[in-house]
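Hello,

Here is the structure for your files. Please look it over before you read my notes below.

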Amino acid sequence: MTARGTKRAQERKARAAIRHQHATRRLDQHQDDLLQASDAWGVAGVVIGVVALLWMAARCGPTLFPNLF
């Protein structure tokens, strides 16, 4: 291989390494975003569940449990 060919090969490897770093960083960011979204949906589900339970208790409680109300 000539010096010029060796230099091009090194440049090609360096560009490939940079592309790999950028892709890895983007994948990590996407994973973090998905985890945050998953946590948000989990919290929303708990809030909706508590609200539904309270609504059902207020609506059906006196009928089902007259001694408590």
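A definition to start with: patches here are built from residues with over 30% relative accessible area and no salt bridge, joining like charges within 9 Å and nonpolar side chains (Val, Leu, Ile, Met, Phe, Trp, Tyr) within 5 Å. A salt bridge is a side-chain nitrogen of Lys or Arg within 4 Å of a carboxyl oxygen of Asp or Glu. Areas come from the Shrake-Rupley method with a 1.4 Å probe, and for residues only the protein chains shown count as cover.

By that rule, Val 43, Val 47 and Val 51 make a nonpolar surface patch of about 260 Å². Val 51 sits in helix 1.

Now the provenance. This is a predicted model, where local features need pLDDT of at least 70, side-chain atom pairs count only at pLDDT 80 or more, and totals for chains, interfaces and linings use all residues. Numbering runs from 1 along each chain as its sequence is written, and side-chain values use heavy atoms, leaving out hydrogens and water.

Overall shape: the protein chain has 1 helix and 0 strands (DSSP runs numbered from the N terminus: H or I of at least four residues, E of at least two). Its C-alpha trace spans about 95 × 10 × 10 Å along the principal axes. The radius of gyration is 29 Å, while a compact globule of 69 residues would have one near 11 Å (taken over C-alpha atoms; the globule rule is 2.2 Å times the number of residues to the power 0.38).

Burial: 3% of the 69 residues count as buried (under 20% relative accessible area; exposed is over 50%, partly exposed in between; 1.4 Å probe, protein chains only). The accessible surface is about 6500 Å², and 65% of that belongs to carbon and sulfur atoms.

Charge: there are 10 positive and 5 negative side chains, with the centres of the two sets 17 Å apart. Lys and Arg count as positive, Asp and Glu as negative; His and chain ends are not counted. Charges are placed at NZ of Lys, CZ of Arg, CG of Asp or CD of Glu. Arg 4, Arg 8, Arg 12, Lys 13, Arg 15 and Arg 19 form a positive surface patch. Lys 13 counts as exposed because its relative accessibility is 63%. Arg 19 is exposed too, at 54%.

Gln 31 lies in helix 1, residues 3-64. Its relative accessibility is 47%, so Gln 31 counts as partly exposed.

Best wishes
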